[in-house]
Amino acid sequence: VSLRPGAKVLSRACPLFVALAEEGWVDGELPALAAREYLGDWCGPNAAERPDVLVLGCTHFPLLRAVIERELGPEVQIVD
């Protein structure tokens with residue numbers, strides 16, 4: 001933030017992503033529903049706030065990257 005004073009940093013806890021990754025449920029409707037629940041206000045055409053960049057802050061989250069990308073859309077850069 002000190003390099004870009006206007007930047008806004010948001011965080012979101014997504015604990016169910018860990019369980020989904022550990023169970024191997026990384027694609028399909030269940031992970032998509034979890035992604036929509038956790039990230040829903042950042043998704044879709046009526047998103048209140050869409051991040052420019054999303055940092056996957058857990059070693060489990062890259063397993064769900066494809067689902068997260070589909071929900072957020074291609075304009076959000078994802079950093080692992």
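In this predicted model, the buried residues of helix α2 are Pro 31, Ala 32, Ala 34, Ala 35, Tyr 38 and Leu 39. Viewed down the axis of α2, these buried residues fall within an arc of 160 degrees, so they line one face of the helix. The cover over the buried residues of α2 includes α1 and α3.

Helix α1 spans residues 15–23, and its buried residues are Phe 17, Leu 20 and Ala 21. Because they cover an arc of only 100 degrees around the axis, these residues sit on the same side of α1. The partners against which they pack are α2 (29–39) and α3 (65–72). The opposite face can be described as well: turned away from the buried side of α1, it carries the exposed residues Pro 15, Glu 22 and Glu 23. After α1 comes Gly 24, which has a positive phi, near 85 degrees.

The segment before α1 contains Val 9. With a relative accessible area of 66%, Val 9 is exposed, because the threshold for that class is over 50%. Val 9 can also be placed relative to Val 53: the two are 44 residues apart in sequence, and their C-alpha atoms are 9.9 Å apart in space.

Val 53 leads on to the pocket. The largest pocket has a volume of about 690 Å³. It is lined by 26 residues, of which the closest to its centre are Lys 8, Leu 10, Pro 51, Val 53 and Leu 54. Strand β1, made up of residues 53–55, gives the most to this lining, with three residues. Sorted by class, the lining of the largest pocket has 17 nonpolar, three polar and six charged residues.

The loop between α2 and β1 holds Asp 41. Its relative accessible area is 38%, and Asp 41 is therefore partly exposed, since that class lies between the limits of 20% and 50%. Leaving aside residues up to four places away in sequence, Asp 41 touches Arg 12, Ala 47, Ala 48 and Glu 49.

The cysteines remain. How many disulfides does a search of the whole structure find? The search finds zero. For Cys 14, the closest cysteine sulfur belongs to Cys 58, and the distance between the sulfurs is 9.6 Å, too far for a bond, because a disulfide needs the two sulfur atoms within 2.5 Å. Taken from the side of Cys 58, the closest cysteine sulfur is that of Cys 14, again at 9.6 Å and too far for a bond. Is Cys 14 buried or exposed? Cys 14 has 7% relative accessibility and so counts as buried, the limit being under 20%. Cys 58, at 23% relative accessibility, counts as partly exposed.

Methods: Residues are numbered from 1 along each chain as its sequence is written. This is a predicted model: local features need pLDDT of at least 70, side-chain atom pairs count only at pLDDT 80 or more; totals for chains, interfaces and linings use all residues. Side-chain values use heavy atoms; hydrogens and water are left out. On a 1 Å grid over the protein atoms alone, a cavity is a set of points where a 1.4 Å probe fits but cannot get out, and a pocket is an open set with protein on both sides within 12 Å along at least five of seven lines; lining residues have an atom within 4 Å of a point. Grid points are joined across faces, edges and corners, and a volume is the space filled by probe spheres set on the points. Helices (H or I, at least four residues) and strands (E, at least two) are DSSP runs, numbered from the N terminus. Ala, Val, Leu, Ile, Met, Phe, Trp, Tyr, Cys and Pro count as nonpolar, Asp, Glu, Lys and Arg as charged, and the others, Gly among them, as polar. Buried means under 20% relative accessible area, exposed over 50%, partly exposed in between (1.4 Å probe, protein chains only). The arc is that of the directions from the helix axis to the C-beta atoms. Contact means heavy atoms within 4.5 Å.
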